[in-house]
Amino acid sequence: MAGTGPDIQYIDTTRPHPARVYDWFLGGKDNYPVDEQLGRQIAAIDGGAPKAARANRAFMRRTTRALAAETGIRQFLDIGTGIPTEPNLHQIAQSVIPDARVVYVDNDPIVLAHAGALLRGTPEGVTEYVQADARDPRSILERASGVLDFGRPVALSLIALLHFVADEDGAHDLVTTLVDALAPGSALVLSTMTADFEPENVQRGIAAYAAGGVTLVARSHAEVGTFFQGLDLLEPGIVSVADWRPGSERADDGPVSLYGAVGRKPSL
Ligand SMILES: C[S@@+](CC[C@H](N)C(=O)[O-])C[C@H]1O[C@@H](n2cnc3c(N)ncnc32)[C@H](O)[C@@H]1O
């Protein structure tokens, strides 16, 4: 695996960063006191937040496994990768398809700092890391095309990413640009925050993130549906991430505040 982009970037430890707060929720060690402080604050307001982070990670594992095992897709583009947490997406995909090709993308320098050490793939497969901003999708497509053949199906994952991109900052434009570039048979895997289930807790959490300098957007079921226009939703459609084909991971303690879904681009 190789990383691209600047070698050294400044890691700001004075302000919380989304990737590091998420790492703290998952029980990781790649976070700073300022991230833990905000994580604790959010968990005090919304006790379901750490559970939602774990359920989201499990959604990533189940959707990746399902796509690798059931669709014949052998290429993966994961934007908003986060700090590596085993098993990572490439490990799941390559455990099913050893020569799967995977490109990871994130804009946080701490993810870049960890990418080289942790994102190692199978000898047959390819795992690449690109440091880029999701709001510049054309640049991502260009840089990923060194590894991925966009003439063949790709699984594009935007997992727990879009709640960091407001509609006015181009959330729909970035999804449309990326999906338009994918071949028929490709898939879009998406999860994003919602206030549909626990409106008060989620709005208080959003306010705490905002006080920490992190802007978050909650979207309704109908708003999440607009990202899947022109795609065929796989069963069970747009549901709480905990309810997407949970299998043995099914929990009886209610939905978590993230919607998740998988859509396929129809064949021509
Ligand atoms: C909550 S983590 C999700 C990690 C992983 N996708 C998962 O679901 O387990 C969100 C990630 O999105 C990244 N991110 C946020 N805004 C971004 C942007 N505009 N461009 C690229 N990455 C972004 C953050 O740096 C962070 O690593």
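Here are some questions and answers about a predicted model of a protein with its ligand.

Reader: How many residues surround the ligand, and which are the closest?
Author: Let's start with the names. The closest residues are Y22, N56, R57, G80 and D106. They belong to a shell that has eight nonpolar, five polar and five charged residues. The number of residues surrounding the ligand is 18.

Reader: How far is a backbone N or O atom of G80 from a nitrogen atom of the ligand?
Author: G80 is one of the closest residues to the ligand, and here its backbone is what counts. For comparison, a polar backbone atom of I159 is 2.9 Å from a ligand nitrogen, while N107 uses an N or O atom of its side chain, 3.3 Å from a ligand nitrogen. For G80 the distance is 2.6 Å.

Reader: OK, and how much of the ligand does the protein bury?
Author: Picture the ligand taken alone first: it exposes 600 Å². Now put the protein back, and the share of that area it buries is 95%.

Reader: Are α3 and α4 roughly parallel or roughly antiparallel?
Author: Two packed helices are described by the angle between their axes and the distance between the axes. For α3 and α4 (residues 89-96), the axes are 9 Å apart and the angle is about 30°. The crossing is right-handed. Angles under 35 degrees count as roughly parallel, so α3 and α4 are roughly parallel.

Reader: What is phi of A160 near?
Author: Most residues other than glycine have a negative phi. A160, in the loop between β5 and α7, isn't a glycine, yet its phi is positive. The value is near 55°.

Notes: Residues numbered from 1 in each chain as written. Predicted model: local features only at pLDDT ≥ 70, side-chain atom pairs only at ≥ 80, totals over all residues. Heavy atoms only, no water. Near = heavy atom within 4 Å. Polar contact = N/O pair within 3.5 Å; in protein donor to acceptor, adjacent residues only side chain to side chain. Areas by Shrake-Rupley, 256 points an atom, 1.4 Å probe, with all protein chains shown as cover. Nonpolar A, V, L, I, M, F, W, Y, C, P; charged D, E, K, R; others polar. Axes fitted to C-alpha atoms, helices over the stretch in contact; angles between N-to-C directions. Helix = DSSP H or I, 4+ residues; strand = E, 2+ residues; numbered from the N terminus. Parallel < 35°, antiparallel > 145°, perpendicular 65-115°, else oblique. Left-handed = near helix turned anticlockwise from the far one by under 90°.
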